[in-house]
Amino acid sequence: MTEFKNSRDFLDQISRAAISAGFRERILGVVTPPDKSYPIIGLSKKMPSRAPRILIAAGIHGDEPSGPHAVLSLLETFPHEWPELSPYHVEIVPLINPTGFDRRQRTNWQGIDLNRSFGSASPPLEIRSLMNDYRRRKIDLFVDFHEDVDTPGFYLYELSPVESESFGAHIITVLRKNSLPVNASEIIEGMPAINGLILRTSRSVPRFFRKGAPQGLYMKKLGTVRTLTFETPTALPLEQRVSMHLLSLRTTLKHWKPGR
Ligand SMILES: [Zn+2]
């Protein structure tokens, strides 16, 4: 797998893959630091019916390339290797933070952590563009691809309607079966975790905060019933992190029932 280091080259490749996979591309916004302009693009595969909607987001942290590359890999093998996505509207934002991607940094060019900016009073342009777009329709399932430089293994955040309907544990089981490492700590990022799963139900979600929230919580506020955030270990090779994201997505689709 080629690792792209430049957002323009990466987005050119994404566009080519998206067009041959039958996705429509839209520019959601344009970030304009002094050096050049960076488009934020959104991709969608339309269904004729009132099919449930899945949103996949990647690259909100610029130093986490596995998410954008997982999306690219998905598009390059779509639709023949992804029959489980065929009943749904699929929407993808492949690179939310292009300026951070080019600078190999978590934040955007202004030093703002975009994943703490949803719903704030004056969000940065990247997030304002997404918020304007997401408000127009209800997303049923939201999946967010990340990575973590400190973790020895995979973990995930799941926001599930009720605890008994969580399927994060299935994702962990599948990863372990494929000999992929899981973070088994009882506390991850200051939160209680069980076998790599940080689970919150609708009742246990913290109150929305005015300063700005991560995207998962914002989607919940807009009515998304289930959100999943995958964290892959940066220490592993890119191919393995990409496989972890895609295997986790596949397992999600196997267990997810629209509306739950
Ligand atoms: Zn991240």
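Two strands count as paired if DSSP finds at least two bridges between them. Helices (H or I, at least four residues) and strands (E, at least two) are DSSP runs, numbered from the N terminus. This is a predicted model, in which local features need pLDDT of at least 70 and side-chain atom pairs count only at pLDDT 80 or more, while totals for chains, interfaces and linings use all residues. Residues are numbered from 1 along each chain as its sequence is written. The protein chain has 7 helices and 10 strands, and 8 strands form an open sheet with mixed pairing.

**Overall build**

- The C-alpha trace of the protein chain spans about 45 × 40 × 40 Å along its principal axes.
- Of the 260 residues, 44% count as buried. A residue is buried if 20 or more other C-beta atoms lie within 10 Å of its own, exposed if 12 or fewer, and partly exposed in between, with C-beta atoms placed from the backbone.
- Among contacts with a separation of 6 or more, 74% join residues 24 or more positions apart. A contact means that the C-beta atoms of two residues, placed from the backbone, lie within 7 Å.

**The sheet**

- The strand order is β1-β2-β4-β3-β5-β10-β6-β9.
- β1 (24-31) and β9 (197-201) are the edge strands; each has a single partner strand, so one side of each is left without a neighbour in the sheet.
- Neighbouring strands are turned by 15° against each other on average, direction ignored. The axes are lines fitted to C-alpha atoms, for helices over the stretch in contact, and angles run from 0 to 180 degrees between N-to-C directions.

**The β1 side of the sheet**

- A hairpin of 6 connecting residues leads from β1 to β2, and these two strands pair antiparallel over 7 bridges.
- Within this pair, Glu25 has Leu43 as its bridge partner, and Gly29 stands opposite Ile40.
- β2 (residues 38-45) has 6 of its 8 residues buried.
- β2 also runs antiparallel to β4 (residues 89-93), joined by 3 bridges; Ser44 has Glu91 in β4 as its bridge partner.

- β6 (residues 155-160) is mostly covered, with 5 of its 6 residues buried.
- β6 pairs antiparallel with β10 (residues 226-233) over 5 bridges, and Tyr157 stands opposite Thr229 in β10.
- β6 pairs parallel with β9 over 5 bridges, where Leu156 has Leu197 as its bridge partner.

**Nonpolar core**

- The largest nonpolar core has 60 residues, of which Ile56, Val71, Leu75 and Ile96 touch the most other members. Such a core is a set of buried Ala, Val, Leu, Ile, Met, Phe, Trp, Tyr and Cys residues joined through C-beta atoms within 7 Å.
- Leaving aside residues up to four places away in sequence, Ile96 touches Ile40, Ala57, Gly59, Ile60, Leu114, Glu126 and Leu130.

**Backbone points to check by eye**

- The peptide bond from Phe78 to Pro79 is cis, with omega near 5°; Pro79 is in the loop between α2 (66-76) and β4.
- Glu189, in the loop between β7 (187-188) and β8 (191-192), has a positive phi of about 50° although it is not a glycine. Glu189 counts as partly exposed because it has 14 C-beta neighbours inside 10 Å.
- Asn195, in the loop between β8 and β9, has a positive phi of about 45° and is likewise not a glycine. Asn195 has 15 other C-beta atoms within 10 Å and is therefore partly exposed.
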